[in-house]
Amino acid sequence: TAAEGLLLNLATWQSYSRQYVGKDHARTGNELYMLVSWSREEEPEEAQESKKPKKEETKLAIGVDGGFSPPDEIGGKGKLVKEYGFVIYPDLDTVLPYPSPGGVQVPRALAEVADAVIAMDDASNQIEVAAWDAAEEPRPVSRFAENLEQLDNGVRISPDPKTWKCAESGMTENLWLNLSTGYIGSGRRNWDGSGGTGAALKHFEETGSKYPLCVKLGTITPDGKAEVFSYDPSENCLVEDPQLNKHLRHFGIDILQMKKTEKTMIEMEIDLNKSLTFSAVLEGGEKLVPTYGPGHVGLFNLGNSCYCNSVLQVLFSLEPFQQRFFYGLDQAVKDGRDAAFTAAPPEPQSDLATQFVKFAASMSDPFGHGVERSGGEDDVVAISPKMLKDCLGKGHPDFAGREQQDAAEYFLHVLDRLQRMERTKPHRSLLAPEIMDPGRWFDFVVEEKLVCQQSNQVQYNEAKQSILSLTIPLDESQQPKQESKGEEEELPVVAFEDCLHASIGPNAVESVADYLSPATGKRGNASKTPSLATFPRFLAVQMKRYVVGENWMPKKIECRVPVPERINLAEVRGNGIQPGEVALPDVVPGGAPSGPDSTEPDPGMLAQLMGMGFGENGCKRALLAVQNAGVEPAMQWVLEHMGDPDFNDPPPAPAATSAGAGASAGSVDPEQVTMLASMGFSEDGARLALKECSGNLERAADWLFSHAADLESLLAQDRADAQSGASAAPASLRDINDDASGKGDYILRGFISHLGKTTTGGHYLCHVKDADGKWVVCNDRKVAFSKNPPLDFGFLYVFERL
């Protein structure tokens, strides 16, 4: 029968389960469906014993020779059985198998279509496999290889690997030979404490950073292959050395006599991926109890998508997301879910609201009939959120790809897409207005108090944020040394309260130099102090473990920050101007505007940024983005956005900015309307697009192209909203998302952890509180009850206000 499997509409190429195929029939009138059913068949014991040995992974890739198995080969034991057939709606219990064992012939055209479906690989799998096959990317040829300086110091390297050892520590593994000096030193320490003491790198630095090329002993093969690394900051990566044979001969090494005795870095990384299990990495080797079923559903890694999985798991553990997208097993919830699917557009795979509802349905009711939780290594319940990931990443320069990304940036991106979705299609919501846009519960207001040191007068400014970033006040000298093994007890401990007070509240005072005082008309010193003007329902707190070092290279702050499960923020609350304080005037004497001009980049700061080697337009964009707050925050913005496609484009004109600010009130820039209309869109459509995208021309153009099919209905809805007053400005954050009592009591609901040196690499996993108040760890498709939640090592924490 069609009880299990997908029913494929051969006209639209859209697939449905038995539960929802009736909705497709009602919409399309289609009656003929192809049944696609995959299952696992337990093999006899003798068949399992006769299997070939498990293949060894040799590439950091998925679904290719030598790579990891793709998701459809994971998550179950036994032989994978694929069955096909045809059904005619509504009789879903009568299946004509294909090919038919009884010799029943199907029309030739239908057979050709069926054969093509069977032979076709999943399009998204093709993309993922290509993205993961990183081992095929060629390494750059080092610019030092051609004329490498090699010292005539009499050093000769023995061909016997047993004699090799680190000159500093005596280690006999992970050894690197400097191709200029003949020095043998160990490699750098890995995130898990393995690797070495970093002696090879220290030797490079101690010799004046003149000799950058090193070869990993033990990886040299008779065909001239080996791992060569360049420590020079301009390369700082694995490189190719075309003259390697010559360079090795200088130290008496004959590659024809060499044998590979150590793993390459790519092989070591593969080993780390194999052993990257949540039971061993973050919970001290505890044997965790797996749990699967409603509310405890894993997410398959779609190719470097652990950052997406972690963010989605945390968000959908929260009540507003569950309410908005019909998460649960109650009949009323199921009815709302059915209504949402009925209202879905003809191409639901590209509709974000539909994909969110589908995701929530799969997370809360993975089999469609409310199965109970169960355990066992083989009882894995996981889904592949491919369509939701594609919808969320569509058009984004980073999240549309298959590379690892920053989970905190993705968190903000998901909230932004939610807000845009709700503004675009408010009529799609089948729930009460207060349930719409669950992302808004993360919005809060930061109040910045500026004190002019010349006059002691004050100015208060406010800005909306969705993540509270906390600095970790740890001096460089307190960081663990490279020779440290990185055990937990060796890491320095920084109190959460110290991070909080260093970032926000009365103790987080920042000096401002060369401030033009509107009270005196002279330049002098000032100070800025940020506070929380509102206490949102949910507060996302990011620990800034990944920062930019003195050499402008990213680095990780290695420490423990014990984050309590309950916190109080009352002491960092801002309350506006206080009795006895005198407000600064709006203009300086003579009529000049007060403070820095946020519509024009500061010339002095611009010169400093450009002096670091960045383009003028990118530096201007950075200063405008941080409102001329300083060179350091602007530099941070540059490093985060230098890969944006428009980074080197001229910044938007001030007129466009002001139009964007007023777009929410219904006003848009006429020039922008004309530009969009020149692309073939109506002026009414251009105005609506600019209004929905807050006056951002580029986003408005993308909005128009993605909503071309339903633009007329959206215009009609917008006109109806205007007549009914539904488009009036929403209440302020202080009215809809603040704790007026000011108590500031919060409880931890979930957090995301990260393993690795940079946020765009390594691995993400998360811990969430389930409906019973138990901590659950979600590591992609694996879900288990947590015994020792690693609260000290989180990257992004989500608190709920009590």
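Let me begin with asparagine 456, which counts as exposed because its relative accessibility is 57%, where exposed means over 50% relative accessible area, buried under 20% and partly exposed in between, with a 1.4 Å probe and protein chains only. This is a predicted model, in which local features need pLDDT of at least 70 and side-chain atom pairs count only at pLDDT 80 or more, while totals for chains, interfaces and linings use all residues. Residues are numbered from 1 along each chain as its sequence is written, and side-chain values use heavy atoms, with hydrogens and water left out.

To stay with the backbone for a moment, asparagine 456 has a phi near 65 degrees, a positive value in a residue other than glycine, and its place is in the loop between β14 (444–452) and β15 (458–465); helices (H or I, at least four residues) and strands (E, at least two) are DSSP runs, numbered from the N terminus. Asparagine 236 also has a positive phi, near 50 degrees, and is found in the loop between β9 (228–230) and β10 (237–239), but asparagine 236 is partly exposed, at a relative accessible area of 32%.

There are also cis peptide bonds to point out. One joins tyrosine 89 and proline 90, with omega at about 10 degrees, and proline 90 is in the loop between β4 (79–88) and β5 (91–98). Another runs from tyrosine 98 to proline 99, with omega near -10 degrees, and proline 99 lies in the loop between β5 and α3 (108–119).

Now to the interior. In soluble globular proteins, nonpolar side chains tend to be buried together. A nonpolar core here is a set of buried Ala, Val, Leu, Ile, Met, Phe, Trp, Tyr and Cys residues joined through side-chain atoms within 4.5 Å. The largest such core has 57 residues, and those touching the most other members are Phe321, Phe325, Phe356, Phe411 and Phe442. Helix α14 (residues 407–424) gives the most to this core, with 8 residues. Apart from it lies another core, of 30 residues, including Ile472, Met543, Val563 and Phe751.

Which residues does phenylalanine 325 contact, if we leave aside its neighbours within four places in sequence? With contact meaning heavy atoms within 4.5 Å, they are Phe316, Ala353, Phe356, Val357, Ala360, Leu418, Met421 and Pro438.

Let me turn to the rings. Across the whole structure there are 21 aromatic pairs, where rings of Phe, Tyr and Trp (its six-membered ring) pair if their centres lie within 6.5 Å, and planes under 30 degrees apart count as stacked, over 60 as edge-to-face and the rest as tilted. Tyrosine 307 and tyrosine 410 form an edge-to-face pair, because their planes are at 80 degrees, with the centres 5.1 Å apart. Since tyrosine 307 lies in helix α9 (residues 306–315) and tyrosine 410 in helix α14, this pair ties together parts 103 residues apart in sequence, and both tyrosines are buried.

The rings of phenylalanine 751 and tryptophan 775 are also edge-to-face, with centres 5.6 Å apart and planes at 70 degrees. Phenylalanine 751 is in strand β23 (residues 745–755) and tryptophan 775 in strand β25 (residues 775–779), 24 residues apart. Phenylalanine 751 is buried, with a relative accessible area of 0%, and tryptophan 775 counts as buried at 9%. Finally, ring pairs link Phe316, Phe321, Phe325, Phe356 and Phe359 into a cluster.
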